[in-house]
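Open the model in your viewer and keep the selection tool at hand. Each stop below says what to select and what is there.

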Amino acid sequence: MIEKSGQEPCFYRLVDSPEDGPQTVDSLPSAAGPWSPDAQHGGPPAALLGRAVERLAAASFGAVHVGRFTMELLGPVPVGRLAVSASVLRPGRSVQLIGAELRDVARDRAVATARAWTFPVSDAGPVPPTPLGHGPSDGTLRPRPTGWHGGYLDAVEWRWITGSVEAPGPGVVWMRPPALVAGEEPSPLQRLLACVDSASGVSAALDVREWGFLNTELTVHVLRPPEGGWICLDAATTLGTGAVGLAGSTAYDERGLVARSAQALLVARR
């Protein structure tokens, strides 16, 4: 996990954006996860689905706040051409439920879906955020572990406060992802979703060279949109006696608490 290099400063490039129908994007090598250069890390697809939710919400309801986002991973998301779409599942005056789908264009099959509850935008909440006692400048760099593929890991900036992916146990790290789509400024939600899927890696309890710990889903409850480019994850992974693991994180920006995430992991020896 190193500073940004000559890789693409984004995860996707927009190919087609018709007025009616799904948008099409090309995935860039920077979206690949640590397991394989051909399969994506969960962060970029989550952010891309969040982007589809936000675009539809803005067109249908105006400005909204996504309070809960759930992604189901139906299989490996290829580093290839994808189609992304969204639909209103439950309209409402105050809250709405929006669904989104990501399809592998080459195989014409869904690879991920999402559902998001949207809430009214408001800055009049009763509890102000409390800053953490540290920031990105307090973190340190850690080298990417031998045997881990680059892609996403090299595209994101990492500043470690405690732990590392090679030290089993909880970890705390500040992350700054690149742009999601080339030529676009990512929204606060998109930056958050690009990071929180990393909870199982930030708190890696097993060596990725010997074990697979793949998440099947991601659930994020968002208190408020993050501010600034950096997201801090305070993450922990819990393992059991079987094939199920649980990874969770608390996410912060430099003002304080932003969100909490949870993931169910498939744990299997490689």
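Contact here means heavy atoms within 4.5 Å. This is a predicted model, in which local features need pLDDT of at least 70 and side-chain atom pairs count only at pLDDT 80 or more, while totals for chains, interfaces and linings use all residues. Residues are numbered from 1 along each chain as its sequence is written, and side-chain values use heavy atoms, with hydrogens and water left out.

**Stop 1: Val-220**

Select Val-220. This residue is found in strand β11, residues 217-222. Strands (E, at least two residues) and helices (H or I, at least four) are DSSP runs, numbered from the N terminus. Val-220 has a relative accessible area of 0%, so this residue is buried. Buried means under 20% relative accessible area, exposed over 50%, and partly exposed in between, with a 1.4 Å probe and protein chains only.

Now show what surrounds Val-220. Neighbours within four places in sequence are left aside. Val-220 is then in contact with Gly-67, Arg-68 and Phe-69, with Leu-192, Leu-193 and Val-196, and with Ala-259, Arg-260 and Ser-261. Next, draw a C-alpha to C-alpha distance from Val-220 to Pro-129: the two are 18 Å apart in space and 91 residues apart in sequence.

**Stop 2: helix α3**

Leu-192, Leu-193 and Val-196 are among the buried residues of α3. Select the helix, residues 188-196. Eight of its nine residues are buried, so α3 is mostly covered.

Pick Gln-190 within α3. Is Gln-190 buried or exposed? Its relative accessibility is 8%, so Gln-190 counts as buried. Not counting residues up to four places away in sequence, Gln-190 touches Ala-47, Arg-51, Glu-54 and Leu-180.

**Stop 3: helix α1**

Select residues 43-60, which form helix α1. How far apart are its end C-alpha atoms? They are 26 Å apart, which agrees with the 26 Å that 18 residues should span at 1.5 Å a residue. The expected span is 1.5 Å times one less than the number of residues.

Colour the buried residues of α1: Gly-43, Pro-44, Pro-45, Ala-46, Ala-47, Leu-48, Leu-49, Gly-50, Arg-51, Ala-52, Val-53 and Ala-57. After α1, look for Gly-62, whose phi is positive, near 90 degrees.

**Stop 4: the aromatic rings**

Three aromatic pairs turn up in a search of the whole structure. Rings of Phe, Tyr and Trp (its six-membered ring) pair if their centres lie within 6.5 Å; planes under 30 degrees apart count as stacked, over 60 as edge-to-face and the rest as tilted.

Select Phe-11 and Tyr-152. Their ring centres are 5.8 Å apart and their planes are at 15 degrees, so this pair is stacked. Phe-11 lies in strand β1 (residues 10-16) and Tyr-152 in helix α2 (residues 152-155), so the pair ties together parts 141 residues apart in sequence. Both Phe-11 and Tyr-152 are buried.

Trp-158 is buried, as is Tyr-152.

**Stop 5: the strands around β12**

Select β8 (residues 167-176) and β12 (residues 231-239), which run antiparallel and are joined by five bridges. Two strands pair if DSSP finds at least two bridges between them. Met-175 stands opposite Ile-231 of β12.

Asp-234 stands opposite Thr-250 in β13. Finish at the hairpin, where four residues join β12 to β13.
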